[in-house]
Amino acid sequence: MLNTLSLKSILISGAIALTVAGQAHAYEPARSAECIAPANPGGGWDFTCRSVGRVLVDQGYFKGNVQTVNMTGAGGGVAFAHTISKRDTDNNLIVAASTATTTRLAQGQFPGMNSEQVKWIGTLGADYGIIAVGKDSQYTSLNQLLNALKKDPGAVKFAGGSASGGWDHLKVLMTAQKANVTNLPKVRYLAFSGGSEALVQVVGGHVDAFTGDISEVKGFMDSGDLRVLAVLSEERLPAPFDAIPTAMEQGIDSVAPNWRGFYMPGNSSAESYDWWVKTMDELYTTKEWEDIMVKNGVMPFHKSGEDFTQFVNNQILDIQVLSKDIGLIK
């Protein structure tokens, strides 16, 4: 039989072993973290890193800081390659991403890389796509415009702020595809250097329709110069955009959020990934983040963890199919 001292020693040893095991599986964030913005200061990815970093510190998730590092190149490809080749096990690194990231992955613009090489944390909002026309346009509904494309895919000339094959272009083609428009390569799209330049062309009557994001059009809506035919969201957006019908309620199953979110290194620990997912879930519900969204025209859109990963993979597949249909990729 064990004497009292031996039993006590076993119990203490067991408790120590359990504590050590718990420590091995627990994740405690470092004093500081790093967020890579895959573009120059001032853009959407930079905004995402700096805004989220500030809230993470303000809310006490980090006692130090969350440093934003701008890493330009290849439309996010340099940052993606850096993450998987040099930082693959870093638990304290996050990288800003958006629909532009999935578009480039879908079109093979990150050679030798794919979405499974990183872990997708979550989204913290979105800028939803819209299709709009000038105030004097003959088109008063989305279906009128799409019916014109069904008769002649070159009947409507669209303007947008992204390159040919980019997200603004794809939003129109995705919507047309859902409406069973054929011969998608014949849909006319003019690429401008930014949304504002494209809008001027539409408002001036030089181009038939605008494809862009909701945050770009409020001024022209308020002046009455622009008629938004549809917002590409699952439900109507909150005021002041609540009068705009969705494509879905007009019978066209087209949803196109330019989401803002993050991924992290693919071989970071499962515990750190769970922590980041949970933390972003909590951050999304804070008043501080809500105020940032309202101030910057970011709309509610939140997916995280497994749900977000599945969303990313589905979006990549959708964009691949569409890009093949219109001849952007083989």
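In this briefing, Ala, Val, Leu, Ile, Met, Phe, Trp, Tyr, Cys and Pro count as nonpolar, Asp, Glu, Lys and Arg as charged, and the others, Gly among them, as polar. Keep that sorting in mind for the cavity described below. The model you are looking at is predicted. It holds 10 salt bridges, a search of the whole structure finds 12 aromatic pairs, and there is 1 cavity of 30 Å³ or more.

**The cavity**

- The largest cavity has about 30 Å³ of space in it.
- Which residues line the largest cavity? They are Pro-38, Trp-45, Gly-75, Gly-76, Ala-96, Ala-97, Thr-101, Phe-110 and Tyr-263.
- Sorted by type, this lining has 6 nonpolar residues, 3 polar ones and no charged ones. Gly-75 and Gly-76 belong to the lining, and Gly counts as polar here.

- Side chains of opposite charge can pair when their charged atoms come close.
- Arg-87 and Glu-34 are joined by a salt bridge through their side chains, with 3.3 Å from N to O. Arg-87 sits in the loop between helix H3 (77-86) and strand S3 (93-98), while Glu-34 belongs to strand S1 (residues 33-37), so this pair ties together parts that are 53 residues apart in sequence. Both Arg-87 and Glu-34 are buried.
- Arg-50 has a salt bridge with Asp-46, and their closest N and O atoms are 2.8 Å apart. Why are Arg-50 and Asp-46 separated by about one helical turn? Because they are 4 residues apart in helix H2 (residues 44-58). Arg-50 is partly exposed, at 39% relative accessible area, whereas Asp-46 is buried, at 6%.
- Glu-282 and Lys-278 also form a salt bridge, with 2.6 Å from N to O. Helix H9 (residues 270-284) holds both Glu-282 and Lys-278, 4 residues apart, which is about one turn of the helix. Glu-282 is partly exposed, with a relative accessible area of 30%.
- Salt bridges that share partners also link Glu-34, Arg-87 and Asp-90 into one network.

**Aromatic rings**

- A pair of aromatic rings is described by the distance of the centres and the angle of the planes.
- Among the 12 aromatic pairs is Tyr-27 with Trp-275: the ring centres are 5.7 Å apart and the planes are at 70 degrees, so the pair is edge-to-face. Tyr-27 lies in the loop between helix H1 (4-25) and S1, and Trp-275 in helix H9, so the pair ties together parts that are 248 residues apart in sequence. Tyr-27 and Trp-275 are both buried.
- For Tyr-128 and Phe-301, the ring centres lie 6.0 Å apart with the planes at 85 degrees, so this pair is edge-to-face as well. Tyr-128 is part of strand S4 (residues 118-134) and Phe-301 is in the loop between helix H10 (287-296) and helix H11 (305-325), so parts that are 173 residues apart in sequence are tied together. Tyr-128 and Phe-301 are both buried.
- One aromatic cluster is formed by Phe-80, Phe-110, Trp-120, Trp-259, Tyr-263 and Phe-308.

**A glycine in a loop**

- Where is Gly-166 placed? You can find Gly-166 in the loop between strand S5 (157-160) and helix H6 (167-178).
- Is Gly-166 buried or exposed? Gly-166 is buried, with a relative accessible area of 15%.
- Gly-166 and Arg-104 are 62 residues apart along the chain, and their C-alpha atoms are separated by 8.7 Å.

Key
Residues numbered from 1 in each chain as written. Predicted model: local features only at pLDDT ≥ 70, side-chain atom pairs only at ≥ 80, totals over all residues. Heavy atoms only, no water. Salt bridge = Lys/Arg side-chain N within 4 Å of Asp/Glu carboxyl O. Helix = DSSP H or I, 4+ residues; strand = E, 2+ residues; numbered from the N terminus. Buried < 20%, exposed > 50% of the residue type's maximum accessible area, 1.4 Å probe, protein only. Phe/Tyr/Trp six-rings, centres within 6.5 Å; stacked < 30°, edge-to-face > 60°. 1 Å grid on protein atoms, 1.4 Å probe; cavity = no way out; pocket = protein on both sides within 12 Å on 5 of 7 lines; lining within 4 Å. Points joined across faces, edges and corners; volume = space filled by probe spheres on them.
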